[in-house]
Amino acid sequence: SGNTGVGKDALKAITTGGNNTAVGAYAGDALAGGGLNVLIGDGAGSTTTAGLNMVAVGNESLNGLATTAAIGTVAVGYKSLNALTSGARNLAVGYKAADSLTTSSDNIAIGFQAFETATTNASGNIVIGNYALDSLTAGETVTNNVAIGNNALGSCTTADGNIAIGNVAGASVTTGSNGGMV
């Protein structure tokens with residue numbers, strides 16, 4: 001109970017979920033359970049079946065098969081966190097920000113295509129800036145990096161524990177761990 005769906009097929013599958021809000025064509029249309037979700041935009045959260053405490057604002061944002069394991073996730077922007085299934089406490093703001101992330105948790109991606117290619121095994125990363133840390137190899141372990149600035153660590157394919165702050169800081173680094181670039 002307490003569900004509000006506005007738009008073609010918004011929240012059309014809801015059965016046990018409560019206190020969900022979906023606005024836009026197909027927003028939350030597969031959501032059957034879960035609760036306290038806000039899905040705004042055409043296709044926002046459209047394949048999510050049981051999300052919990054998630055916010056998606058933007059067409060096709062949070063459009064993976066997210067489950068209640070993706071608790072506390074926030075996606076703002078076209079296709080942001082588009083593939084997320086079970087990663088918790090992720091924040092993505094920007095066009096295609098972290099759009100390939102599937103099961104990883106505790107990441108922050110802000111900017112146009114920031115953290116775009118990270119998939120699994122990524123946690124504790126703070127990525128702020130257009131194209132920052134956006135060339136990661138799918139499936140590579142990527143943890144505890146801070147990339148702040150346009151294209152910061154933009155060519156990096158695998159990385160752990162790096163700090164790159166500034167416009168194009170560490171942009172030519174392709175692999176590395178525990179490095180600092182300003």
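Modeller: Let's start with Tyr-131, which is partly exposed in this predicted model.

Now for its partners. The structure holds three aromatic pairs. A pair of aromatic rings is described by the distance of the centres and the angle of the planes, so look for those two values each time. Tyr-95 and Phe-112 make a stacked pair, with 4.7 Å from centre to centre and 5° between the planes. This pair brings together distant parts of the chain, 17 residues apart: Tyr-95 sits in the loop between strand E6 (91-93) and strand E7 (108-110), while Phe-112 sits in the loop between E7 and strand E8 (122-123). Tyr-95 is partly exposed, at 34% relative accessibility, and Phe-112 is also partly exposed, at 31%.

Phe-112 then leads us back to Tyr-131, for these two form an edge-to-face pair with 5.5 Å centre to centre and 70° between the planes. Here too distant parts of the chain are linked, 19 residues apart: Phe-112 is in its loop between E7 and E8, and Tyr-131 is in the loop between E9 and strand E10 (142-143).

Gln-113 is buried, because its relative accessible area of 15% is under the 20% limit. Its backbone deserves a look as well: most residues other than glycine have a negative phi, yet Gln-113 has a positive phi of about 55°. Asn-151 is another non-glycine residue with a positive phi, about 65° in its case. You will find Asn-151 in the loop between strand E11 (146-148) and strand E12 (158-160), and at 24% relative accessible area Asn-151 is partly exposed.

What about the interior? The largest nonpolar core has 37 residues, and Phe-115 is one of those with the most contacts inside it, alongside others including Leu-62, Leu-101 and Leu-133. Leaving out residues up to four places away in sequence, Phe-115 touches Ala-98, Leu-101, Leu-133 and Val-142, among others. Its partners also include Asn-107, Asn-125 and Asp-134.

Leu-62 from that core list has a link to Ser-46, which touches Leu-62 and Asn-63 as well as Tyr-26, Gly-28, Asp-29 and Ala-30, with neighbours within four places set aside. Ser-46 lies in the loop between strand E3 (38-40) and strand E4 (55-57), and is buried at 14% relative accessible area.

Finally, turn to the surface. Ile-110, Ile-126, Ile-128, Ile-148, Ile-163 and Ile-165 form a nonpolar patch there, with about 410 Å² of accessible area together. Strand E9 (126-128) and strand E13 (163-165) each give two or more residues to this patch. Ile-128, placed in strand E9, is partly exposed at 32% relative accessible area.

Technical notes. Residues numbered from 1 in each chain as written. Predicted model: local features only at pLDDT ≥ 70, side-chain atom pairs only at ≥ 80, totals over all residues. Heavy atoms only, no water. Core = buried A, V, L, I, M, F, W, Y, C linked by side-chain atoms within 4.5 Å. Buried < 20%, exposed > 50% of the residue type's maximum accessible area, 1.4 Å probe, protein only. Contact = heavy atoms within 4.5 Å. Helix = DSSP H or I, 4+ residues; strand = E, 2+ residues; numbered from the N terminus. Patch = residues over 30% accessible without salt bridge, like charges linked within 9 Å, V, L, I, M, F, W, Y side chains within 5 Å. Areas by Shrake-Rupley, 256 points an atom, 1.4 Å probe, with all protein chains shown as cover. Salt bridge = Lys/Arg side-chain N within 4 Å of Asp/Glu carboxyl O. Phe/Tyr/Trp six-rings, centres within 6.5 Å; stacked < 30°, edge-to-face > 60°.
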